[in-house]
Amino acid sequence: MTGPSAATGAAHAAALALGDDALVLSHRLGEWAGHAPVLEEEVALANIALDLLGQARVLLGLAGDEDELAYLREERDFRNLQLVEQPNGDFAHTIARQLYFSVYQRLLYERLAAGDGELAALAAKAVKEVAYHQDHAEHWTLRLGDGTPESHERMQRACQTLWRYTGEMFQPVEGLDVDWQALRDTWLSATADVLGRATLTMPTGPQSGAWSAGAGRQGLHTEPFGRMLAEMQHLHRSHPGASW
Amino acid sequence: MVTRTPAPETAGPAATGAAAAKSLPAAETPLETELRRLAGSVPDPELPVLTLEELGVLRGVHLHDTGRVEVELTPTYTGCPAIETMAADIERVLHNRGMADVSVVTVLSPAWSTDDISAEGRRKLAEFGIAPPRPHTSEGPVPVALSVRCPHCGSTDTELLSRFSSTACKALRRCASCREPFDHFKEL
């Protein structure tokens, strides 16, 4: 790899991976604007999206020019997890995605905040915001899982459907000094705890598809991501330099 | 506006010299004290009853030999859009004081906490109808045990309606005594 220095290159790779997670999930949550089941949830999801967008701006700023990275990269150049690019689906799908990701993000950022890497300052700040995201996802998981037969069934289905995208979260990210196996163990027990209290069963089956060789972190994405990017980047690409 | 991230301490000999020079800030001059007071008196754009000083987001004002004024701001939430307006307002106030070269940088570390809001700031929030954040008693970032007092009637019999309200920093609650909904500046 060529670059200013190996350490800087690795730190940039890490900022790009985490920045893309935050950016893409922020955009997905933003898609709920005008469509959420109740006004309070509309506001809640938009606020979570705003937190993530703020984190993305800092992280992408560490990796390069935030606007160029967000609006002018091709699909294959994005390093986000496939989990965060999954379509919103019904409200249960969005909550399951939030639960899986917020538990992961909180555990990961707690570890980064305790270290002395370039991302420590951002992680220390963001982890306090993510605690609220996790709290929000947990409460909805409990309400839906331990709610009506219909909400229980749909929440269970959402957890199962997204399960195969969770394995990728624990593949090492270049530039991050983290014990990924321990992170995975903690994530599994934290997730099992919430699902258990919500009367849901822990999904079974592989945590990644046979075709997904690391997938998102290597630039391989699922089909809906291309459509999401087309919408996200359309304005900037069609009208370069446009401003309000 | 620039977000400054600290250089890693092991970045090499070139960075060590710069870090050492930075680590000993000179004592504040009378002009710096005045500029800091001016910048700190700027009202928060979304909660105009509070000044930036009372909100605890003003981290420092430094006057360089070149005449450039550098102001350090920290965001409440990472994505808070109000910080751009804060920066513009500070620049305007300091320009009016005759400082031609003003730059506002954002710093993330140490992370802002609701404990940074002054006692006077908390009093003003309550008077404005927003329940002030409770002080942190433990390391937990999401305290749920203590009740939040209704800023309208003073009752502690209040319930959470939504964890997120009109801005990222507030939660929406309702008072069971007077039935009024109200915003709560939630603990961070």
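**View 1. Where chain A and chain B meet.** In this predicted model, the contact (heavy atoms within 4.5 Å) draws on 26 residues of chain A and 25 residues of chain B. Between them the two chains bury about 2400 Å², and 67% of that is on carbon and sulfur atoms. Buried area here is the accessible area (1.4 Å probe) that two parts lose on being put together, summed over both. On the chain A side, look for Lys125(A), Lys128(A) and Tyr132(A): these lose the most area to chain B, together 32% of what that side buries.

View 2. The rule finds two salt bridges between chain A and chain B; a salt bridge is a side-chain nitrogen of Lys or Arg within 4 Å of a carboxyl oxygen of Asp or Glu. Arg163(B) and Asp135(A) meet this way through their side chains, at 2.6 Å from N to O. From chain A, α2 (39-63) and α6 (120-145) each supply at least two residues of the side that touches chain B. Helices are DSSP runs (H or I, at least four residues) and strands are too (E, at least two), numbered from the N terminus.

View 3. Asn80(A) sits in the loop between α3 (66-71) and α4 (82-85) of chain A. Is Asn80(A) buried or exposed? Asn80(A) counts as buried because its relative accessibility is 0%, and the cut-offs are under 20% relative accessible area for buried, over 50% for exposed and partly exposed in between (1.4 Å probe, protein chains only). Leaving out residues up to four places away in sequence, Asn80(A) touches several others, including Asp20(A), Arg217(A) and His221(A).

**View 4. How confident is the prediction for chain A?** The mean pLDDT (the predictor's confidence in each residue, from 0 to 100) of chain A is 92, with 95% of its residues at 70 or more. Over residues 1-7 of chain A, though, the pLDDT is below 50. Where pLDDT is low, the predicted coordinates should not be read in detail.

**View 5. Chain B on its own.** Chain B has five helices and eight strands. Of its 188 residues, 43% are buried.

**Notes for all views.** Residues are numbered from 1 along each chain as its sequence is written, and chains are lettered from A and ligands numbered from 1 in the order in which they are written. In this predicted model, local features need pLDDT of at least 70, side-chain atom pairs count only at pLDDT 80 or more, and totals for chains, interfaces and linings use all residues, while side-chain values use heavy atoms, with hydrogens and water left out.
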